[in-house]
Amino acid sequence: MKQKVKFGLWMLLVLFFWSVPAGAEVYSQCQPDADGIDTDGDGIVDNDVVCLHMAAGDGFVNMADQQRKLQYMFGFGEVTGVPDEMVMMAGMLGAEFPAPTIVVKEGQKLYLTLTNVGMMMRPDLFDAHTIHWHGFPNAAAIFDGVPDASVSINMGFSFTYYYNIVEPGTYMWHCHFEATEHMQMGMLGNLYVLPKQNNLPDGTDLNGFIHHTGYRYAYNDGDGSTYYDVDYPIQITSFDPNFHDASLNIQPLPFAMMDDKYPMLNGRGYPDTINPNWLYNTAGDEGYAEMNLPSQKIHSLIEAVQGQKILLRISSLSTTSFHTLSVAGIPMRVIGKGSRLLRGPNGEDLTFMTNSVDLGGGEAKDVILDTSGIAPGTYVLYVTNLNHLSNNTEDFGGMMTEIIISPQLLTESPKVNMDNQKRLRLPKNKGLKSI
Ligand SMILES: [Cu+2]
């Protein structure tokens with residue numbers, strides 16, 4: 001098998017130099033924040049520019065069944081800070097599922113470089129890639145990543161997308177090139193934008209709700225109604241093993257028979273969803289790579305202290321199914337939909353209580369779980385498409401995770417807000433990348 005890998009690498013390099021015109025190179029662009037204007041509202045004038053670099057290529061992930069089935073995938077890995085001349089090697093086989101989470105702040109300016117590092121396991125493929133921010137109000141088609149209306153990035157090339165971060169909310173990002181194939185193959189990621197309201201001066205009165213430094217909100221609500229203590233991105237994704245195996249084995253792809261048998265949250269089926277650690281694939285053990293590589297970095301174990309508010313940033317990039325997510329025992333308030341606060345044209349409160357939310361592919365919903373009065377213990381967030389509570393042919397898995405509510409610690413001094421609710425602070429989810 002290692003010979004197959006070495007042959008693949010050799011072929012990739014030969015084809016790379018044969019197919020890429022002279023002058024092609026990895027080129028990451030970034031600009032200093034020199035406009036002297038504080039656009040993100042934190043009072044600092046020269047920290048509003050953010051630069052990231054993603055590599056698009058292939059890789060492997062393991063599923064949550066007892067077989068730990070290895071799945072070939074296309075995907076993104078982060079190479080921010082890697083010297084340009086080392087990006088091709090650093091990015092090869094570095095695809096993660098889901099793609100690295102992108103968290104930016106309203107008012108920031110983002111230079112997001114994409115480098116196509118090629119498909120190490122499929123040197124016969126010359127597929128381009130793009131980055132598309134789904135739902136984001138992008139004024140420039142060239143930075144929107146839809147190949148028909150923009151550019152796509154060929155193997156060995158880089159392109160830097162520019163985003164003026166104008167609207168807070170929960171979005172998602174994915175490759176839009178041959179989207180049915182590349183999305184099924186795993187080029188999907190969490191994306192959300194934090195609102196400027198987080199940066200208000202301590203003591204600001206929001207229509208009776210007193211803001212304090214460190215408070216966080218889902219949207220610029222003007223009244224503290226989207227306050228949360230902890231937040232978790234929850235992305236619905238799923239794989240069809242027949243499709244992925246056909247891709248690895250250079251067989252015709254069964255688009256018409258696409259049938260996802262591995263339903264996942266953040267790229268993992270239960271019980272992997274509640275493992276707080278990075279998962280490493282077994283590509284090294286199975287001879288596809290020199291070593292086992294980190295492939296699934298984002299867990300979905302939700303933890304809070306009784307009385308806290310949990311914001312779930314739920315998005316779906318499933319290419320095959322509608323899904324209904326439910327939480328047993330904790331009421332859900334839907335406060336945002338399609339990256340917008342649920343408000344009427346005259347400011348009417350359109351948020352609502354429910355015990356389940358429906359999402360089709362490309363939809364996002366923001367849900368707050370208020371744990372006031374909820375008994376400490378372990379609760380489950382699960383899909384009510386009951387055939388999706390499985391990992392391929394095995395029952396008891398799939399699209400499910402746990403919510404752990406721990407009792408309040410008496411030694412902490414709780415904050416008291418206008419509702420007299422107790423709020424404590426927890427460290428941020430360590431699985432996230434925060435900027
Ligand atoms: Cu792609």
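Me: Which way do the residues of strand β14 point?
Reply: Tyr262 and Met264 point one way from β14 (residues 262-265), and Pro263 and Leu265 point the other way. All are buried, where buried means under 20% relative accessible area, exposed over 50% and partly exposed in between, with a 1.4 Å probe and protein chains only. Strands here are DSSP runs of E, at least two residues, and helices are runs of H or I, at least four, numbered from the N terminus.

Me: What do side chains do in a regular strand?
Reply: They alternate between the two faces of the sheet.

Me: What kind of model is this, and how are residues numbered?
Reply: It is a predicted model, where local features need pLDDT of at least 70, side-chain atom pairs count only at pLDDT 80 or more, and totals for chains, interfaces and linings use all residues. Residues are numbered from 1 along each chain as its sequence is written, and side-chain values use heavy atoms, with hydrogens and water left out.

Me: Which strand pairs with β14?
Reply: Strand β13 (residues 230-239) does, in the antiparallel sense, over four bridges. Two strands pair if DSSP finds at least two bridges between them.

Me: New topic. What coordinates the copper ion?
Reply: His129 (ND1), Cys175 (SG), His182 (ND1) and Met187 (SD) do, at 2.0 to 2.7 Å. Donors are N, O and S atoms within 2.8 Å of the metal (3.2 Å for Na, K and Ca); water is not among the atoms, so sites may look incomplete.

Me: Where do histidine 129 and cysteine 175 lie?
Reply: Histidine 129 is in the loop between β4 (109-118) and β5 (132-134), and cysteine 175 is in the loop between β7 (169-174) and α3 (179-184), so the pair ties together parts 46 residues apart in sequence.

Me: Is histidine 129 buried or exposed?
Reply: Histidine 129 counts as buried because its relative accessibility is 0%. Cysteine 175 is buried too, at 0%.

Me: What about serine 247: where is it?
Reply: Serine 247 sits in helix α4 (residues 241-248). It is buried, with a relative accessible area of 1%.

Me: What does serine 247 touch beyond its neighbours within four places in sequence?
Reply: Serine 247 is in contact with Tyr72, Phe74, Arg122, Met185 and Leu253. Contact means heavy atoms within 4.5 Å.

Me: And how many helices and strands does the protein have?
Reply: Four helices and 30 strands. Of its 435 residues, 55% are buried.
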